[in-house]
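Please read the following alongside the sequence and the coordinates. The text goes from the overall fold to single residues.

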Amino acid sequence: MSAKPNRLARTLAKLDALPAFLRPAARNLALRRAVPFTGTAKLDYLEMTPTRVEIAIANRRPVQNHIQGVHAAATTLLAETATGMVVGMNVRDDCLPLAKSLTVHFRKRATGSLRAVATLTPEQRQLMQDTDKGEVSVAVTVTDEAGEHPVECEFIWAWIPSHRPKH
């Protein structure tokens, strides 16, 4: 697939001009400012490509629950942000990505910090390039420090034209 990079992909590509040791901090700063709630939770954007996004959250007091694990809302934010960013890396500039639905099943107690990896298939990416309206189920895996998968998630993302029809 040879899609033209969209606005988000172009913005992140500009960071490639920075020295390698500065890129992660610059990426976090840019994305946390664009989506302020992710900055509040201090999500760490580890990898951002059009096919794969990996984000982490540290198990620290401001995001903990009553049993000192990462709170359910913070876990959901992590998975939602990973799926939203991978969609955001692919949706055309003339379209707006929107979360349509989410299902989260908490299967076991998480240990320590968490990572979420969201991916899109080539077919899903092509669909976003070819249509100005649609939806996809975005695969996401959440892993804790023990290598376990404490939650199972399904996120449905839609995209629509960003311009409103004139009446």
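This is a predicted model: local features need pLDDT of at least 70, side-chain atom pairs count only at pLDDT 80 or more; totals for chains, interfaces and linings use all residues.

Residues are numbered from 1 along each chain as its sequence is written, and side-chain values use heavy atoms, with hydrogens and water left out.

The protein has five helices and six strands, where helices (H or I, at least four residues) and strands (E, at least two) are DSSP runs numbered from the N terminus. Their order along the sequence is α-α-α-β-β-α-β-β-α-β-β.

The C-alpha trace spans about 50 × 40 × 35 Å along its principal axes.

Of the 167 residues, 39% count as buried. Buried means under 20% relative accessible area, exposed means over 50%, and partly exposed is in between (1.4 Å probe, protein chains only). The protein exposes about 9,500 Å², and carbon and sulfur atoms supply 56% of this area. These areas come from the Shrake-Rupley method with a 1.4 Å probe; for residues, only the protein chains shown count as cover.

A contact means heavy atoms within 4.5 Å. Among contacts between residues at least 6 apart in sequence, 67% join residues at least 24 apart.

The mean positions of the 22 positive and 16 negative charges are 8 Å apart. Lys and Arg count as positive and Asp and Glu as negative, whereas His and the chain ends are not counted. The place of each charge is taken as NZ of Lys, CZ of Arg, CG of Asp or CD of Glu.

Next come the cysteines. A disulfide is a covalent bond between the sulfur atoms of two cysteines. With a disulfide taken as a pair of cysteine sulfur atoms within 2.5 Å, the count comes to zero. Cys95 counts as buried because its relative accessibility is 6%. Cys153 has a relative accessible area of 18%, so Cys153 is buried as well.

The next stretch to follow is the loop between helix H3 (36-40) and strand S1 (44-48), where Lys42 lies. Lys42 has a positive phi of about 55° although it is not a glycine. Lys42 is partly exposed because its relative accessible area is 45%. Leu43 lies in the loop between H3 and S1 too, but Leu43 counts as buried because its relative accessibility is 0%. Setting aside residues up to four places away in sequence, Leu43 touches Asn28, Arg32, Thr38, Ile55, Ala56, Ile57, Leu77, Leu78 and Thr81.

One of these partners, Asn28, lies in helix H2 (residues 23-34). Leu43 and Asn28 are 15 residues apart in sequence, with 7.7 Å between their C-alpha atoms. Asn28 has 9% relative accessibility and therefore counts as buried. Beyond residues up to four places away in sequence, Asn28 touches Leu43, Asp44 and Tyr45.

Strand S2 holds Val53. Val53 is buried, as its relative accessible area is 0%. Leaving aside neighbours within four places in sequence, Val53 is in contact with Glu47, Met48, Ala82, Met85, Val86, Ala116, Val117 and Ala118. Val53 and Met89 are 36 residues apart in sequence and 9.1 Å apart in space, C-alpha to C-alpha.

Gln68 has a positive phi of about 65° although it is not a glycine. Gln68, at 48%, is partly exposed. The C-alpha atoms of Arg61 and His71 are separated by 9.9 Å, and these two residues are 10 residues apart along the chain.

Last, Pro5 is found in the segment before helix H1 (7-14). Pro5 is partly exposed, with a relative accessible area of 47%. Pro5 and Val91 are 86 residues apart in sequence, while their C-alpha atoms are 9.3 Å apart in space.
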